[in-house]
Amino acid sequence: MRQFFLLAFVTATLISSCGNADYERTNDGLYYRIIKSGKGDFVKPRTYLKINQSAEMGDTVFFSTFGKMATYGYFDSLTTPSHEFLDILDQMRIGDSAIVIRSVDTLVKRGVAQYNSRLKKGTFIKVKIKILGLYASEDEFNTAKTKDLEEYKQIEVKSLEAYLKDKGEKGITKLPEGVFVKIEKEGTGIKIDSGMMVKMKYSGKLLDGTLFDSNLDSTFGHPEPFEFIVGGRQVIEGWDIGVKQLKVGSRAKIFIPSLLGYGMQGSPPKIPPYSMLVFELEVLSAGVPQAENKENPPHDANHTDGH
């Protein structure tokens, strides 16, 4: 009984801190508030949507698409209550916003989260969403998403250009895809191409200079050369694009927009969402793969290394 009253007190305190607004509660225990400013029909189940969203706890913002590239996705509100904004989508229209309070204890109980230094017992995650668009078909959805992706990438490309100008970087090649390459030492070996197995030394940094990964720094625990197949989707897209400008023996920097890196997800905790990246590379070798590299599985946007 004491635990129940403590939980109720904490929840009431949190809701009060969100502005003492009128929050409703689902049968699943999810507290929410819908700010209605939209028009048209309510969101239907199994719908393609464009939304802005953020998640925060106290002063910590886990991620936010507000002011960035919006999220496009297929949302099914007919699923089992998931203790998230899906549970209230059918009450919202295009243009509506909502604040949702998710209990960490409930998420842990459901097996979708684990307690850690940030997600502690009795804590809550505040999620904000805004419905920006609704699409009647997958084709309409994909067309809108592709257009927005290209527009946002061009914003990042211009930001990278301004960064390079401010840093006084010279000898930069801008590739059509939006990656920038600076060759600091031209190699004398073969030029890298798709399908080749390459070995590299590298260091990865955020634009503010924060080093997040390296096989040149022993503190990261993997001093061996990094090996991957170019174009094999084993690295972020910006790597596959940039390294094809290099020859064996080259040393270079490549500058990558976030949408060709880790995008809105980032690679926590080292790479924040929407981070543009700088890599310093040295090509050690390149050639036709001898056999499938089973000890080095493909890397995706969720892995913790920075390439």
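**Burial and surface.** I began with burial in this predicted model, and found that buried residues make up 44% of the 307 residues in the protein.

**Secondary structure and contacts.** I counted four helices and 16 strands in the protein. Turning to the contacts with a separation of 6 or more, I noted that 68% of them join residues 24 or more positions apart.

**The largest pocket.** Which residues lie nearest the centre of the largest pocket? I found 25 residues in its lining, and A55, F62, F63, R118 and P268 are the ones that lie nearest the centre. For the volume of the largest pocket I recorded about 770 Å³. Sorting the lining by class gave me 15 nonpolar, seven polar and three charged residues. I also checked which strands contribute, and β4 (47–57), β5 (60–64), β8 (97–103) and β9 (124–135) each supply at least two residues of this lining, while the largest share, three residues, comes from β5.

Is I129 buried or exposed? Its relative accessibility is 2%, and because buried means under 20%, I129 counts as buried. Leaving aside its neighbours within four places in sequence, I listed the contacts of I129 as N52, Q53, F66, F85, M92, D96, S97 and A98. I also looked up the separation between I129 and A55, whose C-alpha atoms are 9.1 Å apart although the two residues are 74 residues apart along the chain; A55 had already come up in my entry on the pocket, as one of the residues nearest its centre.

**Helix α3.** I wanted to know whether the length of α3 (residues 138–167) fits its residue count, and at 1.5 Å a residue its 30 residues should span 44 Å, so the 43 Å that I found between its end C-alpha atoms agrees. Going through the helix for burial, I noted F141, A144, D148, Y152, K153, E156, V157, L160, Y163 and L164 as buried, a list that takes in the charged residues D148, K153 and E156. What follows α3 in the chain? I found G168 there, with a positive phi near 70°.

Note on methods
Residues are numbered from 1 along each chain as its sequence is written. This is a predicted model: local features need pLDDT of at least 70, side-chain atom pairs count only at pLDDT 80 or more; totals for chains, interfaces and linings use all residues. Side-chain values use heavy atoms; hydrogens and water are left out. On a 1 Å grid over the protein atoms alone, a cavity is a set of points where a 1.4 Å probe fits but cannot get out, and a pocket is an open set with protein on both sides within 12 Å along at least five of seven lines; lining residues have an atom within 4 Å of a point. Grid points are joined across faces, edges and corners, and a volume is the space filled by probe spheres set on the points. Buried means under 20% relative accessible area, exposed over 50%, partly exposed in between (1.4 Å probe, protein chains only). Contact means heavy atoms within 4.5 Å. The expected span of a helix is 1.5 Å times one less than its number of residues.
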